[in-house]
Amino acid sequence: RPAGLARPEPAGVGIHGLTKRYHAGAIALDHVDLDCPAGEITVLVGPSGCGKTTLLRSIAGLEQPTNGSIRIAGRDVTRTEPQRRGVAMVFQNYALYPDKTVRENIAFPLRMARVGKAERNDRIDAVARLLRIDRLLDRKPSQLSGGQRQRVGIGRALVRGPNVLLMDEPLSNLDAQLRVEMRAELLALQRDLGTTMVYVTHDQVEALTLGSTVVVMNGGKISQAGTPEQVYTRPGNAFVAGFLGGMNLIDGRVEAGHLVSGESRISLPGRLHGFQGQRITLGIRPESLSRGHAGDDELGAAGPVVLTEMLGSDRMVHIGGHSSPLRMREEHHAPVGDVVTVRADAADIHVFLPDHDGARA
Ligand code: ATP
């Protein structure tokens, strides 16, 4: 463990029945219950407007919830001022003081806490070494790269030794390669320090790689929370399946062993015939689809290829007579005009019911 850093015990965060209604109208958080375990990274992920920033800012104390409670290390902090919660926040735009040096920026929270000069400098030096910005302490933010600025923002958050580190899309202003590097550094940092982190992103890859717990949000509610493996391999509903896994989602009604939607007919394996008469959504990952005639107990679709879109290792294949295109591995690609048959193993098909919370058959 790095020497010289203030290091209180990591603290768990407990959210109970949290609701936030802004004056302007819509409900941003709707009865959210969540436990963020001590010493782990909890990632809040979801599309724009789902409420993840509001949840993070509520933990920080920068938003006052309409209802519900927040506990940190077992203590109710719902009405506690931000600076007394033992949390620190890293912002998307770094929020550094442009006229101050890196050292002065990192010193700021220590000055606020009236930490004496000698200890202040010791702590700044320790956090700067940890983040490898010790040679940049006399520079101004304008003389730093994006990645270096982000490190300064993280340093300023870490220097008081918070119980909980809150991060709001901290990597989204960095280019793709730097983002991947910083992601690995954040993981290593968290492992070294053992700090509890709550991390907001809209990037599903970032969520799956960073999170011990991944919390998928939609419309102010938690759609599913679990380990990366749980939410990816066993999505609880079609929203999570589409958002995290890039699954093909196909809606329709089950009629006589087929999924029927408008003109489109897809033959279903026997175990799905029991949904006769019901509307269901099938979820099939790109890697589960291949070319070839479906066996008796497999899923099968057929038709002429009318359009294909290259996505790299995958390709979107629009098949005549089917309302949604299928995302398939590039190796199964067929040229426009060819009549193709596509199949999937029964075991690889997820079934979601339309009541939103869904089920996996
Ligand atoms: P993004 O990824 O775009 O930042 P988000 O998931 O973080 O989105 P929030 O910023 O938490 O979402 O917003 C949730 C909802 O609350 C949205 O409908 C948003 O328009 C609304 N909202 C957020 N801040 C305010 C505010 N200060 N006043 C009124 N409505 C707000």
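The legends below describe close-up views of a predicted model.

Residues are numbered from 1 along each chain as its sequence is written. Because the model is predicted, local features need pLDDT of at least 70 and side-chain atom pairs count only at pLDDT 80 or more, while totals for chains, interfaces and linings use all residues.

**View 1. The two assigned domains.** The domain assignment, which is automatic or taken from a database, gives domain 1 (13-233) and domain 2 (256-352). Their C-alpha centres lie 41 Å apart. UniProt, in an unreviewed entry, places the feature "domain: ABC transporter" at residues 13-244; such annotations may be inferred rather than shown by experiment. Over residues 13-244 the chain is 37% helix and 25% strand. Helices (H or I, at least four residues) and strands (E, at least two) are DSSP runs, numbered from the N terminus.

**View 2. The largest nonpolar core.** A nonpolar core is a set of buried Ala, Val, Leu, Ile, Met, Phe, Trp, Tyr and Cys residues joined through C-beta atoms within 7 Å. A residue is buried if 20 or more other C-beta atoms lie within 10 Å of its own, exposed if 12 or fewer, and partly exposed in between, with C-beta atoms placed from the backbone. The largest core has 87 residues, and Val43, Leu44, Leu166, Val198, Val215 and Val216 touch the most other members. Helix α8 (residues 238-245) gives the most to this core, with six residues. Domain 1 (13-233) and domain 2 (256-352) each supply at least three residues to this core. Leaving out residues up to four places away in sequence, Val43 touches Tyr199, Thr201, Ala207, Leu210, Gly211, Val214 and Val215; contact means C-beta atoms, placed from the backbone, within 7 Å.

**View 3. Helix α2 and the residue after it.** Val102, Asn105, Ile106, Ala107 and Leu110 are buried in helix α2 (residues 102-112). Their cover includes α3 (117-130) and α4 (146-158). Just after α2, Arg114 takes a positive phi of about 55°. Arg114 sits in the loop between α2 and α3. Arg114 counts as exposed because it has 7 C-beta neighbours inside 10 Å.

**View 4. The loop at Ala73.** Most residues other than glycine have a negative phi. Ala73 is not a glycine, yet its phi is positive, about 50°. Ala73 lies in the loop between β4 (67-72) and β5 (75-76). With 18 C-beta neighbours inside 10 Å, Ala73 counts as partly exposed.

Terms used
Contact = placed C-beta atoms within 7 Å.
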